[in-house]
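Trainee: I would like to learn how to read the features of a protein model. Could you walk me through this one, step by step?

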Amino acid sequence: MSETAATSLSVRDTPELEADVIIVGAGPAGSTTAYHLAQAGLDVLLLEKTSFPREKVCGDGLTPRAVKQLAAMGVSFDDKGWIRNRGLRIIGGGVRLELPWPDLAEYPGFGLVRTRYDFDRILADQAVSAGARLCENTTVTAPILDARTDRVAGVQAKNPHGEPVSYRAPLVIAADGNSSRLAVALGIRRRDDRPMGVAVRTYFTSPRHDDDFLESWLELWDNSGAKNVLLPGYGWVFGVGDGTCNVGLGILDSSAGFREIDYRKLLRLWTASMPEEWGFTEERQRGPIRGAALPMGFNRTPHYTRGLMLVGDAGGMVNPFNGEGIAYAMEAGHIAADVVVQALSRPTVQARERTLHRYPQVLSDAYGGYYTLGRCFVKMIGNPDFMKLATRYGLPQRTLMKFMLKMLANLTEPSRGDAMDRVINGMSKMAPAA
């Protein structure tokens, strides 16, 4: 990329096809990044292959980490589409434990539930209101590489009419999900030494739709046969507030037989064991069982190279401890925007590139040690004997479980806090961010 091309962004022959930054994917990662970049005055082009509203596989539960990011984007929680929750209910080993979200200055004291059917539209609308340009039904097919520098200089795409079109910008951000066509095109492939999960979910009409706790089941039992059988993975029941519950389960690749498991059958077996009055039956199911991969613990790196930055699932940013992806996608989007704003303010190509190369290190400083701990946790809970002992002897210990809630949800005060906060923060700092 020449110095002239990098600095003459305001002089365009085809302004609708050029921008300061192109973002591919208008999920939580892409829209959050677009919002903060547009707020800073940059010309942002946000390309989305589908149109809103759209279906997206997710648990629909938002912890206080995600709520904080939504508030930073000016999202209002007043309309009836949001249902607040007070904490996490954990069920396993014959124990039912309700743990309120920690009382912290850093994060709000409540979580939310909202279906992804319109959640992503809300974030995209916030990005547009800040000044980003959104192009729906636009499928990005490949990066454009500068022939001289081999650096990304834009993207090739198909517009809503299926016609080829080229968009150009000095920086492209891949927020295009787990498969990330852009990352693969640049040879950035998934790491086999990072955990991967699979989640499946569906909706049921249920009287439990207005539950004010997120519910997590650490043991999944199949009661359909002559004896109870412990199934791999963990389950959830999240009330959506609209008459339905989001019911699903997640399985980690550290579980035995991960690749051979029929996840949809597993969900049907588990829900069939639920009390009949909850309504988790076939006739009250709303929509099919859908599944999605959970790329965890930075399973695709580097997060910046040759003019391409990875955000969200494209960079494997799901929390290994609890499978939470939205909060980390939004936080990474905010981090990415801060780095990009600083980079594009630099007077030379070399200075801009040095600043952009800070992005992976900033992410590593924020999450590297914590994700390392999470990878160790994944290995432990993949062992059914460990899980049996943990649920039998750990769940009854309320103080221990309060600690685990803070640990799994990554909810601590960064500087000041109680003894639990200091232990968790200390462990995260000491763990290598490899």
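Mentor: Gladly! Let us begin with a pair of charged side chains: aspartate 43 forms a salt bridge with arginine 133, and their closest N and O atoms are 3.2 Å apart. Keep in mind throughout that this is a predicted model.

Trainee: Which parts of the chain does the pair of aspartate 43 and arginine 133 tie together?

Mentor: The general idea is that side chains of opposite charge can pair when their charged atoms come close. Here aspartate 43 sits in the loop between helix H2 (28-39) and S2, while arginine 133 belongs to strand S8, so the bridge ties together parts that are 90 residues apart in sequence.

Trainee: Is aspartate 43 buried or exposed?

Mentor: Aspartate 43 counts as buried because its relative accessibility is 18%, and buried means under 20%.

Trainee: How many salt bridges does the structure hold?

Mentor: The structure holds 24 salt bridges. Another one to look at joins the side chains of arginine 86 and aspartate 212, at 2.9 Å from N to O. This pair links distant parts of the chain, 126 residues apart: arginine 86 is in the loop between strand S4 (83-85) and strand S5 (87-92), and aspartate 212 is in the loop between strand S13 (196-205) and strand S14 (214-217). Arginine 86 is partly exposed at 46% relative accessible area, and aspartate 212 also counts as partly exposed, at 31%.

Trainee: Which residues are linked in a network of salt bridges?

Mentor: Arg89, Glu98, Arg208, Asp211 and Glu215 are linked in such a network. Within it, the side chains of glutamate 98 and arginine 89 meet at 2.9 Å, N to O. Arginine 89 is buried at 4% relative accessibility, whereas glutamate 98 is partly exposed at 31%.

Trainee: Let us turn to charge on the surface. Which residues gather in a patch of negative charge?

Mentor: Look for Glu276, Glu277, Glu282 and Glu283, which gather in a negative patch on the surface. One of them, glutamate 276, lies in the loop between helix H6 (263-272) and strand S19 (285-295). Glutamate 276 is exposed because its relative accessible area is 68%, and exposed means over 50%.

Trainee: Now the backbone. What kind of peptide bond joins phenylalanine 52 and proline 53?

Mentor: Read the omega angle: it is about -5° there, and the bond is cis. Proline 53 is found in the loop between strand S2 (44-47) and strand S3 (61-62). A cis peptide bond also joins threonine 301 and proline 302, with omega about 5°. Proline 302 lies in the loop between S19 and strand S20 (304-305).

Trainee: What is phi of asparagine 137 near?

Mentor: Phi of asparagine 137 is near 50°, a positive value in a residue other than glycine. Asparagine 137 is in the loop between strand S8 (133-135) and strand S9 (139-145). Aspartate 150 likewise has a positive phi, near 60°, and lies in the loop between S9 and strand S10 (152-158).

Trainee: Where does UniProt place the feature "domain: FAD-binding"?

Mentor: The UniProt record, an unreviewed entry, places that feature at residues 18-217. In the model, this span is 20% helix and 34% strand, and its end C-alpha atoms lie 48 Å apart.

Definitions and conventions
Residues are numbered from 1 along each chain as its sequence is written. This is a predicted model: local features need pLDDT of at least 70, side-chain atom pairs count only at pLDDT 80 or more; totals for chains, interfaces and linings use all residues. Side-chain values use heavy atoms; hydrogens and water are left out. Patches are made of residues with over 30% relative accessible area and no salt bridge: like charges are joined within 9 Å, nonpolar side chains (Val, Leu, Ile, Met, Phe, Trp, Tyr) within 5 Å. Accessible areas come from the Shrake-Rupley method with a 1.4 Å probe; for residues, only the protein chains shown count as cover. A salt bridge is a side-chain nitrogen of Lys or Arg within 4 Å of a carboxyl oxygen of Asp or Glu. Lys and Arg count as positive and Asp and Glu as negative; His and the chain ends are not counted. The place of a charge is taken as NZ of Lys, CZ of Arg, CG of Asp or CD of Glu. Helices (H or I, at least four residues) and strands (E, at least two) are DSSP runs, numbered from the N terminus. Buried means under 20% relative accessible area, exposed over 50%, partly exposed in between (1.4 Å probe, protein chains only). UniProt positions are given in the numbering used here, feature names are shortened, and annotations may be inferred rather than shown by experiment.
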